[in-house]
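The following report is intended for a reader meeting this structure for the first time. Please examine the sequence and the structure shown here before reading on.

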Amino acid sequence: GNHDNPTLLEAPQGILKRHKVVVVGTAVGCGENDQSDNPLIIPVDGGSGERALVIAVPYLRRSNFKFDQSYEKSVADYLSSLVRAAKAKRKEGETVIMIAHLYAAGSLNGNEEGRSETIFAGGEPEIRKTTLQDRPDYLFSGHIHKRMEINGVPWAQYTGSALTMSFAEIDYVHGADLLSFEAGKDLVHS
């Protein structure tokens with residue numbers, strides 16, 4: 001969902017749904033404890049009996065949450081509750097994959113000034129991996145345009161941008177990621 005207007009992102013849903021493409025622009029159920037029926041948890045069938053539950057999390061704005069706790073804690077609680085709900089729904093051998101747009105603390109170093117993702121829309125702070133109580137089997141995240149593991153954790157990956165977004169990113173490898181899953185086997189990321 002990047003930082004785009006959620007309504008604009010979701011506008012072509014009727015057409016895209018016919019092609020089995022799901023676009024999520026609006027966060028649903030922020031601050032709620034029960035996420036079991038949250039439409040952000042999307043079952044994906046592989047066609048040969050494989051199935052995964054994809055948690056599609058759009059860009060989370062401070063305005064999505066109440067102000068009774070910090071933004072970081074609100075986001076961590078929300079993401080963890082979505083993971084718990086997906087894990088409660090999954091059947092044996094199913095994978096839980098989260099696709100999210102967030103900035104994880106420590107992802108950038110001081111030598112990477114001038115990159116477009118160092119500018120936070122609305123001043124949204126970073127999220128620390130230690131604040132997540134529950135985690136998915138795999139996390140694909142956006143926001144950082146460089147392809148890399150998030151804080152050296154193999155189950156969490158910034159996929160990078162498909163195109164160069166600034167001259168500071170000219171040497172980055174751009175492309176697409178493929179996550180293959182088969183019941184009873186390890187995930188394959190290529």
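Ser81 counts as buried, because its relative accessibility is 6% and buried means under 20%. The model in which this residue is described is a predicted one. Ser81 belongs to helix α3, which covers residues 71-89.

Which residues does Ser81 touch, not counting residues up to four places away in sequence? The residues touched by Ser81 are Glu32, Asn33 and Gln35, once residues up to four places away in sequence are left out.

## The protein as a whole

The secondary structure of the protein consists of 3 helices and 8 strands. Along the sequence these elements follow the pattern α-α-β-β-α-β-β-β-β-β-β.

The protein has 190 residues, of which 39% count as buried. When contacts between residues at least 6 apart in sequence are considered, 59% of them join residues at least 24 apart.

## The loop at Pro12

Pro12 is located in the loop between α1 (6-10) and α2 (13-18). Is Pro12 buried or partly exposed? With a relative accessible area of 33%, Pro12 is partly exposed, since that class lies between the limit of under 20% for buried and that of over 50% for exposed.

Pro12 and Val22 are 10 residues apart along the chain, and a distance of 9.8 Å separates their C-alpha atoms.

## Salt bridges between separate parts of the chain

The count of salt bridges comes to 4. One of the pairs is formed by Glu94 and Arg51, whose closest N and O atoms are 2.6 Å apart. Glu94 is in the loop between α3 and β3 (95-101), while Arg51 is in strand β2 (residues 51-57); the pair therefore ties together parts that are 43 residues apart in sequence. The two partners can also be described by their accessibility: Glu94 is buried, with a relative accessible area of 10%, whereas Arg51 counts as partly exposed at 21% relative accessibility.

Another salt bridge joins Arg90 to Asp137, with 2.8 Å between the closest N and O atoms. Because Arg90 lies in the loop between α3 and β3 and Asp137 in the loop between β3 and β4 (138-142), this pair ties together parts that are 47 residues apart in sequence. Arg90 is partly exposed, its relative accessible area being 28%. Asp137 also counts as partly exposed, at 26% relative accessibility.

Lys73 counts as partly exposed, at 37% relative accessibility. Asp77 counts as partly exposed as well, at 23% relative accessibility.

Notes: Residues are numbered from 1 along each chain as its sequence is written. This is a predicted model: local features need pLDDT of at least 70, side-chain atom pairs count only at pLDDT 80 or more; totals for chains, interfaces and linings use all residues. Side-chain values use heavy atoms; hydrogens and water are left out. Helices (H or I, at least four residues) and strands (E, at least two) are DSSP runs, numbered from the N terminus. Buried means under 20% relative accessible area, exposed over 50%, partly exposed in between (1.4 Å probe, protein chains only). Contact means heavy atoms within 4.5 Å. A salt bridge is a side-chain nitrogen of Lys or Arg within 4 Å of a carboxyl oxygen of Asp or Glu.
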